[in-house]
Amino acid sequence: MQRSCAAVARTLIGTRGFCTSNSDKIVASVLFERLPVVVPKIDPVVYAFQEFSGKGDYQIDYVPAPRVTEADKTNDKRSLQRALDRRLYLLLHGKTVLAPDGRSVWHFPEKVYKSEETLRKCAESALKSVIGDLSNTYFVGNAPMGHMVVQPTENAQDLQSCKRFFFKSQVIATNKFKIGKCDDYVWVTKDELLEYFPQKADFLNKMIIS
């Protein structure tokens, strides 16, 4: 997946910009992720093996912080203080590049490439426009992690098709962002993310390995 995406990017990226059809838009999307905060629970099979091998007899001298937070109990998807042993991904609700009739839809932070020096710079600008500052973020690599071609729907034939390139960025040293430029937002696990995009579930499931 990474090699093929990089190859596609190289064919589109020139020294001064992109070489592509005038009928296509180039879009940089950001998969903004919060890594797990706590170690996932040990599988019961591992516990059984430790007991069997004599390695399970140990004493815990401290009381760990609870794994289930108030945000978990209330299912507050706007909070980063939930699903602490899972990766979370930011989704926005609002108008986007290929939203038919200007309707608000769920989407990743994204921006149409225009005059930025590189496509990654475009992705950085997309995320910055949403959270206001990139101090607590880390972009993973310069190449996109995934690529897809999006065609207009039957109800929006007047819209252009677009080539969407996904870049990964991670949350660093914070548990709260002031999210803007949208009607609503959520932080969701991979399983929850796939429920928001059932038609793209196969693609996202292959792109997001977690």
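Colleague: Let's start at helix H6. Which residue forms a salt bridge with Lys 206?

Modeller: Asp 202 does, and the closest N and O atoms of the pair are 3.5 Å apart. Keep in mind that we're looking at a predicted model. To read a pair like this, check the distance against the cut-off: a side-chain nitrogen of Lys or Arg has to be within 4 Å of a carboxyl oxygen of Asp or Glu.

Colleague: Where do Lys 206 and Asp 202 sit relative to each other in the helix?

Modeller: H6 covers residues 201-207, and the two are four residues apart in it, so about one helical turn separates them. Then look at accessibility, where over 50% is read as exposed. Lys 206 has 53% relative accessibility, so it counts as exposed. Asp 202 is also at 53% and is likewise exposed.

Colleague: Which residues do salt bridges with shared partners join into one network?

Modeller: Glu 33, Arg 87 and Lys 168. Take one piece of that: Lys 168 bridges to Glu 33, with 3.8 Å between the closest N and O atoms.

Colleague: Which parts does the pair of Lys 168 and Glu 33 tie together?

Modeller: Lys 168 belongs to strand E7 (residues 161-171) and Glu 33 to strand E1 (residues 24-34), so this bridge links parts 135 residues apart in sequence. Glu 33 has a relative accessible area of 0%, so it is buried.

Colleague: Is Glu 116 buried or exposed?

Modeller: Buried, at 15% relative accessibility. The side chain of Glu 116 meets that of Lys 111 in a salt bridge, at 2.8 Å from N to O. Lys 111, with a relative accessible area of 28%, is partly exposed.

Colleague: How many salt bridges does the count come to?

Modeller: Ten, by this rule.

Colleague: Zooming out, how many helices and strands does the protein chain have?

Modeller: Six helices and eight strands. Going along the sequence, they come in the order α-β-α-α-β-β-β-α-β-β-β-β-α-α. For a view of how the fold is connected, take contacts between residues at least 6 apart in sequence: 67% of them join residues at least 24 apart. Of the 210 residues, 40% are buried. The chain exposes about 12,900 Å², with carbon and sulfur atoms supplying 51% of that area.

Colleague: What is the mean pLDDT of the protein chain?

Modeller: It's 83, and 74% of the residues reach 70 or more. Residues 1-20 have pLDDT below 50, and this stretch makes 24 contacts in the model beyond near neighbours in sequence.

Conventions. Residues are numbered from 1 along each chain as its sequence is written. This is a predicted model: local features need pLDDT of at least 70, side-chain atom pairs count only at pLDDT 80 or more; totals for chains, interfaces and linings use all residues. Side-chain values use heavy atoms; hydrogens and water are left out. pLDDT is the predictor's confidence in each residue, from 0 to 100. Contact means heavy atoms within 4.5 Å. Buried means under 20% relative accessible area, exposed over 50%, partly exposed in between (1.4 Å probe, protein chains only). Accessible areas come from the Shrake-Rupley method with a 1.4 Å probe; for residues, only the protein chains shown count as cover.
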